[in-house]
Amino acid sequence: MHLFVEQLTNVDFSYLDAQRGIVGETWWASAILEGALNDESMVCDFGIVKKTLRNWLDTELDHRLLVPAQLPGLTVNQHNGRIELSVETARGRVSMNAPAQAVTLIDAESITAKSVADWSVKQLTTYFPDSIDQLTLDFTPEAISGAFYHYSHGLKKHSGNCQRIAHGHRSRIQIWLDGERSDSEEEYWADLWRDIYIGSTEDLKHESDSDLTFAYTAEQGQFELTLDRKHCYMMETDSTVELIADHLASAIKLRHPASDVCVRAFEGVNKGAMVER
């Protein structure tokens with residue numbers, strides 16, 4: 001007998017990629033459990049399934065940087081609850097020093113929906129009753145017909161896991177000029193912010209001709225991240241979705257001063273902020 005749960009929850013995270021650098025991502029998580037019926041004529045109580053999977057996904061994947069442990073050239077050092085990592089990607093050097101809870105090492109050469117699902121299933125085997133013979137996880141991105149971008153950031157003032165310096169989202173963007181959706185403006189920003197790290201000038205610790213280093217201390221500890229400057233987009237403010245929407249609206253108004261502007265900036269799936277100018 002198979003028990004399934006579709007789009008149980010979504011996870012927002014960033015991952016390290018040999019070609020793209022640090023990539024913000026959002027996936028829906030679905031599950032299938034196979035096993036015999038128990039004394040209650042169930043494979044497993046839906047309440048147990050949903051609570052167990054959600055708690056594990058929230059703890060181990062959501063708002064973390066997923067790092068493929070077998071990535072060629074990657075160096076990783078863990079000590080006293082902290083992690084340091086460094087690698088040269090096609091988009092330049094990526095190095096990070098952060099609390100260990102901000103990173104998940106995936107035993108794979110690259111981060112894909114399948115590699116993360118396979119690794120996760122191995123970690124979850126002890127969380128369910130013996131009556132469960134097999135667990136299958138499926139990660140899928142949101143179906144988006146229009147423009148979208150992948151962005152990463154960190155929010156040092158956040159009391160939750162958003163304070164982690166390299167987590168992210170795959171997000172839609174919707175822009176109206178004088179009440180009409182503007183495909184061209186949406187595509188402009190989606191292209192400009194493709195696989196971008198949105199940094200705050202307040203968090204900029206050091207810069208060179210090639211790299212930018214961001215650093216701050218938050219409730220969970222000290223964070224530091226170095227990226228190629230071409231991988232970054234700077235904002236004068238924090239990068240909450242509210243301020244991202246406000247920044248976009250102001251920038252679009254400068255590009256189209258005679259038009260009324262409305263921006264809906266998404267943060268992952270089905271949530272975000274809207275600003276009019």
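Q: Let's start with Trp119: buried or exposed?
A: Trp119 is buried, with a relative accessible area of 14%. Buried here means under 20% relative accessible area, exposed means over 50%, and partly exposed is in between, using a 1.4 Å probe and protein chains only. Bear in mind that this is a predicted model, where local features need pLDDT of at least 70, side-chain atom pairs count only at pLDDT 80 or more, and totals for chains, interfaces and linings use all residues. Residues are numbered from 1 along each chain as its sequence is written, and side-chain values use heavy atoms, with hydrogens and water left out.

Q: Which other residues of helix 2 are buried?
A: Besides Trp119, the buried residues in helix 2 are Ser115, Val116, Ala117, Ser120, Val121 and Leu124. Helices (H or I, at least four residues) and strands (E, at least two) are DSSP runs, numbered from the N terminus.

Q: And what span should helix 2 have?
A: Its twelve residues should span 16 Å at 1.5 Å a residue, and the end C-alpha atoms are 16 Å apart, so the two agree. The expected span is 1.5 Å times one less than the number of residues.

Q: Back to aromatics: how many aromatic pairs are there in the whole structure?
A: A search of the whole structure finds eleven. Rings of Phe, Tyr and Trp (its six-membered ring) pair if their centres lie within 6.5 Å; planes under 30 degrees apart count as stacked, over 60 as edge-to-face and the rest as tilted.

Q: Can you walk me through an edge-to-face one?
A: Phe13 and Trp27 form an edge-to-face pair, at 4.8 Å centre to centre with 70° between the planes. Phe13 is in strand 1 (residues 2–17) and Trp27 in strand 2 (residues 21–35), so this pair ties together parts 14 residues apart in sequence. Phe13 counts as buried at 1% relative accessibility, and Trp27 counts as buried at 6%.

Q: What does Trp119 pair with?
A: Its partner is Trp56, in a tilted pair at 6.0 Å centre to centre with 45° between the planes. Trp56 lies in helix 1 (residues 46–60) and Trp119 in helix 2 (residues 113–124), so the pair ties together parts that are 63 residues apart in sequence. Trp56 is buried too, with a relative accessible area of 6%.

Q: Nice. Which residues do ring pairs link into a cluster?
A: Tyr149, Tyr151, Tyr188, Trp189, Trp193 and Tyr233. One of these rings also has a charge over it: Arg255 lies over the face of Tyr188, at 3.7 Å from the ring centre. For that, NZ of Lys or CZ of Arg must be within 6 Å of the ring centre and within 35 degrees of the ring normal. Arg181 lies over the face of Trp176 as well, at 5.4 Å from the ring centre.

Q: New topic: where is Asp195?
A: Asp195 is in the loop between helix 3 (183–192) and strand 12 (196–200). Asp195 counts as buried, at 6% relative accessibility.

Q: What does Asp195 touch?
A: Leaving aside neighbours within four places in sequence, Asp195 is in contact with Arg20, Ile22, Val23, Arg91, His150 and His231. Contact means heavy atoms within 4.5 Å. The C-alpha atoms of Asp195 and Ser14 are separated by 9.9 Å, with the two residues 181 apart along the chain.

Q: How about Ser152?
A: Ser152 is in strand 9 (residues 148–153) and counts as buried at 0% relative accessibility.
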